[in-house]
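I opened this structure for a first look. These are my notebook entries, in the order I made them.

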Amino acid sequence: LKRDYGDSSWDIRNRFVGTISYAMPAITTFNRPVRAVIGGWQANAIVTLQTGMPFNVAISSDRANAGNLGTQRPDGVRIGTNNCSRSTVIRGGGASCIDPSAFGLPALYTYGNLHRNDQHGPGFINTNLSLFKNFPIHENVTMQFRMESFNVFNHANPGNPNATLPAS
């Protein structure tokens, strides 16, 4: 049980979510129909920045002879590092971003000593924008024109990498 002590699977160490709302100023220099069309718009943005989520480093073989029940982890030789950034995961060409020299195979019929969720994956960046305007139609009736864009900067946010080390 001591080896299963570690970071929660949902442990996000740093997270920032900011909301920006801007109401365009009223326009008074034009006639009423032009003011109705170009005045009164509102823009909103939601920005999310967070660090990566933890993941387990596993081995691909059944070293403990437990019938492949659960995740078997390797031995920790030294403190593991990774370069699992967005660019590495996207352009990595299939190469692992985990340093395999930090881990070793446990002896046969034993479990590894590495604790759970030893590594953290790439972070997350997202920006959503909206632009809208309310058009009054009658006393209590309003029509809203709205444009929304999700992940407006088309920022890639990959998930955690495959963290299974080969058995040899």
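The entries below go from the ground rules to the sheet, then to single residues, a surface patch and the salt bridges.

**Ground rules.** I am reading a predicted model, where local features need pLDDT of at least 70, side-chain atom pairs count only at pLDDT 80 or more, and totals for chains, interfaces and linings use all residues. Residues are numbered from 1 along each chain as its sequence is written, and side-chain values use heavy atoms, with hydrogens and water left out.

**Entry 1: the sheet.** I began with the strands. Helices (H or I, at least four residues) and strands (E, at least two) are DSSP runs, numbered from the N terminus. Two strands count as paired if DSSP finds at least two bridges between them.

In which order do the four strands of the open sheet run? I read the order as 1-2-8-9, with antiparallel pairing. Strand 1 and strand 9 are the edge strands, each pairing on one side only. From one strand to the next, the twist averages 15 degrees. For such angles, axes are lines fitted to C-alpha atoms (for helices over the stretch in contact), and the angles run from 0 to 180 degrees between N-to-C directions.

**Entry 2: pair by pair.** I then followed the sheet across.

- Strand 1 covers residues 15–23 and pairs with strand 2 in the antiparallel sense, over nine bridges. I noted Tyr22, whose bridge partner in strand 2 is Ala43.
- Strand 2 and strand 8 run antiparallel and are joined by nine bridges. Here Gln50 has Phe124 of strand 8 as its bridge partner.
- Strand 8 and strand 9 are antiparallel too, again over nine bridges. Phe135 is bridged to Met143 in strand 9.

Entry 3: I looked up how covered each one is. Buried means under 20% relative accessible area, exposed over 50%, and partly exposed in between (1.4 Å probe, protein chains only). Contact means heavy atoms within 4.5 Å.

Thr48 sits in strand 2, residues 42–50. Is Thr48 buried or exposed? Thr48 is buried, because its relative accessible area is 10%. Leaving out residues up to four places away in sequence, Thr48 touches Arg15, Phe16, Val17, Phe124, Ile125 and Asn126.

Thr127 belongs to strand 8, residues 124–138. Its relative accessible area is 11%, so Thr127 counts as buried. Beyond its neighbours within four places in sequence, the contacts of Thr127 include Ile46, Val47, Ser149 and Phe153.

Met143 is in strand 9, residues 141–149. With a relative accessible area of 44%, Met143 is partly exposed. Which residues does Met143 touch, not counting those up to four places away in sequence? I found Lys133, Asn134, Phe135 and Ile137. Met143 and Lys133 are 10 residues apart along the chain, and their C-alpha atoms are separated by 8.5 Å.

**Entry 4: a surface patch.** I moved to the surface. Patches are made of residues with over 30% relative accessible area and no salt bridge; like charges are joined within 9 Å, and nonpolar side chains (Val, Leu, Ile, Met, Phe, Trp, Tyr) within 5 Å. Accessible areas come from the Shrake-Rupley method with a 1.4 Å probe, and for residues only the protein chains shown count as cover.

One nonpolar patch is formed by Phe30, Val34, Val37 and Ile38, with about 320 Å² of accessible area together. Ile38 lies in helix 1, residues 32–38. Ile38 is partly exposed, at a relative accessible area of 39%.

**Entry 5: salt bridges.** A salt bridge is a side-chain nitrogen of Lys or Arg within 4 Å of a carboxyl oxygen of Asp or Glu. How many does a search of the whole structure find? It finds four salt bridges.

Asp7, Asp11 and Arg13 are linked in a network. Arg13 meets Asp7 at 2.9 Å, N to O. Between Arg13 and Asp11, the closest N and O atoms are 2.6 Å apart. Arg13 counts as exposed, because its relative accessibility is 52%. Asp11 is buried, at 18%.

I also noted Asp99 with Arg78, whose closest N and O atoms are 2.5 Å apart. This pair links distant parts of the chain, 21 residues apart: Asp99 is in the loop between helix 2 (86–91) and strand 6 (103–104), and Arg78 is in the loop between strand 5 (75–76) and helix 2. Asp99 is partly exposed at 21% relative accessible area, and Arg78 is partly exposed at 42% relative accessibility.
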